Amino acid sequence: MLGNLGGLVGFGSLLHPSIAKQIEEKQKQVCLIWLDGGISQYESWHPLPESKFAGPFRSIKTSIPGIHFSELLPNTAKIAHKISVIRTMATKDPNHSTGVPRMQRGDPLDRGVDYPYLGSAVAKLLGPAEPELPPYVWIKPGNGGFIHREAGFLDARYGALALGDGRPPVHIHRPDGVTAELDAARNALRQKANERFRAYRNTSDVDAYETSYDMARKLMARKEIFDDEKLDPKDRERYGLHPLGRHVLQARQLLEAGVRFVKVNSYHWDTHGDNFNMSQRLVPQADQPFAALINDLDDRGMLDNTLVVMMSEFGRTPLINSRLGRDHWPDCWSIALAGCGIKRGAIIGDTTKDGAFVNGEGYDVGHLFHTIFSVLGIQSHRQKYRHKGQKLSIANDDCEPIKEVML
Amino acid sequence: MLKNLFDILLGNMPWFAMSLVLGFPLSGEQGLHNRIDDLVWAKAGDVPFAETADDAGFLRRVTLDLSGNIPTAGEVSEFLADKSKGKRKELIDRLIAGDQFAAHWTERFSVMLLERLDQGKVPKGEWVKFLKQTLRKKPLWDVMIRQMIEANGQGVDRPAMKFLGTVDHHAMTENIARLLLGMDLTCAKCHDHPSVNEWKQAHYWGLFAYLNQTKQATHKKEEKVYLVEGLAGKKVEFESVFDLEKMSTGPRLPNGAEVEIPQFEKGEEYEKPAEDGLPAVPKFRPRERLAKDLTAKENELFSRNSVNRIWFLLMGRGLSHPLDQMHGKNSPSHPKLLELLAGEFVSHGFDLKWLLREIMLSETYQRSSRLPEGVTKVEPASYRVTSPKGLTPEQLLRAVLRATGNTKHAKALKVDPEAEKFDRKGYFTGSNVELPPSLAEMEAIFIQTFGRPPGEAEVDFSPGVNKSLFLMNDRLIEHWLKPRAGNLIDRLSKMDAPDAMAKEMYLAVLSRLPEKEEAIWIADYLARNEPRRTAALGDLAWALLNSAEFMFNH
């Protein structure tokens, strides 16, 4: 199959444009690394050691001359030329309760509906990259399951298959004592049992039911992609043995298998007190697997088709509070992107000298969503959702893609 | 059409003789069920219809619809053996009067009206008990709905207040419009509906104006929360996000006139002074007024929505479908039928059991889900063939338990009060390898797997990978397919003749007799697996449980 595809690509000029587009779209994948709460821009992407708001950490040189990151990002500093950083996010909302949905839904103009989270939106707009794999997998600490809430007003099936602590839902495993042979035999019985019922009926209902079994069996057959036992110990070292490291490595495995969208969550990025000790512990946990993932995707030739985004709900206040903490700061903060349609080495954003505010207009999450959709080949202004007879924009109508970071 | 035929054939017969010939009593006019059929036939024209469902298919359908379960193997055999003419009608009557009717329809209405949200001050159990008691007697739909809208927490109707949830005025407005009037007015909160011309922003706010005085108040001595109404002195103001024009309205039904808000002299506004923490009771209480106006006989939006939803619960789709899009652009499949049902429901005093019975007596309801000879596809909205409906999560659990002969066992489970709370999340992730300790916990697991997310209407059956994975691989299913005294596999393993086994298995699981090839197929598999016969019986039952025929009510 892959050989055939190679052949087709080889005769690129003979290929019908729409097929070429399909192949291209098919390959586009996303990994969203979500740092729940807010990573401090001063302790990461925008250190400004000379400013009055600086903390105790040094800034270090990156692989791009003249660009510095915090010393807490040593691995990422070495690959700065492979990524883009936007230092002028200005996202308006400083609250946790609304911050997560606003950022992950992209804040389209209010139409009185619950918009899908990014993963569900991409699952809907691009579909699965591999037909037998769920389009949206979410790796997170804690509990897993099928999280339909993420789909918002879209059908529940666009929700996330969540791997709690990296583990797939238990029902993907055959019960103990059911061998592969027996499983196949039982399935043959099941199909046989369906025959009579199927024969004289409107086929659509029965077929949809049958399809769900086909999908289930295909997923069971590929359950090794959820199995982190087989991962190379050297890779584990490189990504880090902490949950975020393990989960980003697992994300790589899922992306390689062909899952369209993988979200990895890390919690407790909320340093209202003791920001510096906490950052010293937390930021390297993001640095290590992020850099490793970018390098691995690049080595495998996947980076140009895989978008990686690492972001939070907001940044953290320039002012250090009385508990040596930094509070929520949506007015000027940083996010990192790489891969698919994103420039390599574009570290952008003009801020005031101390980094507290954007000089001019900053970028809101609406701009970010237009950017993400655009690099995935989705026409972010033209394509619409249909919901109860209403046409709904997929991203905020008042925003545009962030051209500065796009190829 | 049918009536003319009667006239020709039976014109000279005395009425009691006709009654004998036709198998049902004749009053002065045709029963509603005949008129339903006439309208469905008339609409379809001269095209083939599916045959009437066979006895086994009819029994399974009616038992699921009225009692929420599949029939037992014994019930199937008995019904097949019964040669009396009126047995279908008798079965419907018996089940409507039966114990399980109230329990099952409590579930159906509760899921429809609360959409699996458990909100407000009334515990779920009290709400269920209230609905059950109502449904055990002679339930009148307008009265039930009236109780829910006007609920103030006083008296024996207190549980009805659960329908109003957390007393969020916008949620109440949207739910009442959607669930009771068939109008999804969510879009009309901020502007006239963009694609449905007749749905205006004023409709949304007119309903809102009936509800926005409602609040919760705690009775000091009883320490109980009641729903009270504040003083409605003024109209509600609103503006469209498009043109920012200021508008206002008093309480108003979408198809009715605005209710004038009575103005009282200062000091004359109240009927009863404040006491025990409850505020003074105003003379004008718009929500109470809504309860009456909305459920009035004259309100066609209400009667049409009511019959549409009841029809949906039995037929798997609404005459007007989707259920919350009852407007001019979305014409009903059978407008005259919808009108007829609504009118008859009203003139029979919103008698729920009467309506269910009439629909179920119709040939339309009793048609087979097998396509007519030589036809490969039929539009579901034509009702020329019965569309399969997915089992509800609760029906499915009961059906699996009954099919596998584990009902008694599951019901007998007693939760150890000392035991730790069952870790349901762990059950799905694999960190909890225990079996659920109670029937209630099993039900919660089935609802989580097969139900829609709380807050979403449970209308269409949607197969899903996680659902299939569950039925294939869940520990409960596996557990129930192991032999235990008296359960299906135990009974089968003690039989000798493969024919008898096939018969027992098909009666228990699929509620019908196996066809010849099916019996052969069963015998074959058992013969090939002779050394592991009990396990092989489990394989076969597993296959039948996982078949579309089992998963659907058809």
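**Exercise 1.** In this predicted model, find how many residues of domain 1 of chain A are in contact with domain 2 of chain A, and describe that side of domain 1.

*Solution.* Ten residues of domain 1 of chain A are in contact with nine residues of domain 2 of chain A, a contact being a pair of C-beta atoms within 7 Å. For the bounds, domain 1 covers 19-166 + 229-405 and domain 2 covers 169-227. Finally, the centres of the two domains, taken over C-alpha atoms, are 36 Å apart.

**Exercise 2.** Determine which element of chain A supplies the largest share of the side that touches chain B.

*Solution.* Start with the counts: 43 residues of chain A are in contact with 49 residues of chain B. Strand 6 (145-147), helix 6 (180-199) and helix 7 (203-221) of chain A each supply at least two residues of the chain A side. Helix 6 of chain A has the largest share, with ten residues. By class, the chain A side holds 18 nonpolar, 13 polar and twelve charged residues.

**Exercise 3.** Describe how strand 14 of chain A and strand 15 of chain A are joined.

*Solution.* Strand 14 (residues 384-387) and strand 15 (residues 390-393) of chain A run antiparallel, with four bridges between them. One of the pairs is Tyr385(A) with Leu392(A) in strand 15 of chain A. The two strands form a hairpin with two residues between them. In the turn, Lys388(A) has a positive phi of about 50°.

How values were computed: Residues numbered from 1 in each chain as written. Chains lettered and ligands numbered in written order. Predicted model: local features only at pLDDT ≥ 70, side-chain atom pairs only at ≥ 80, totals over all residues. Domains from an automatic or database assignment. Contact = placed C-beta atoms within 7 Å. Nonpolar A, V, L, I, M, F, W, Y, C, P; charged D, E, K, R; others polar. Pairing = 2+ DSSP bridges.
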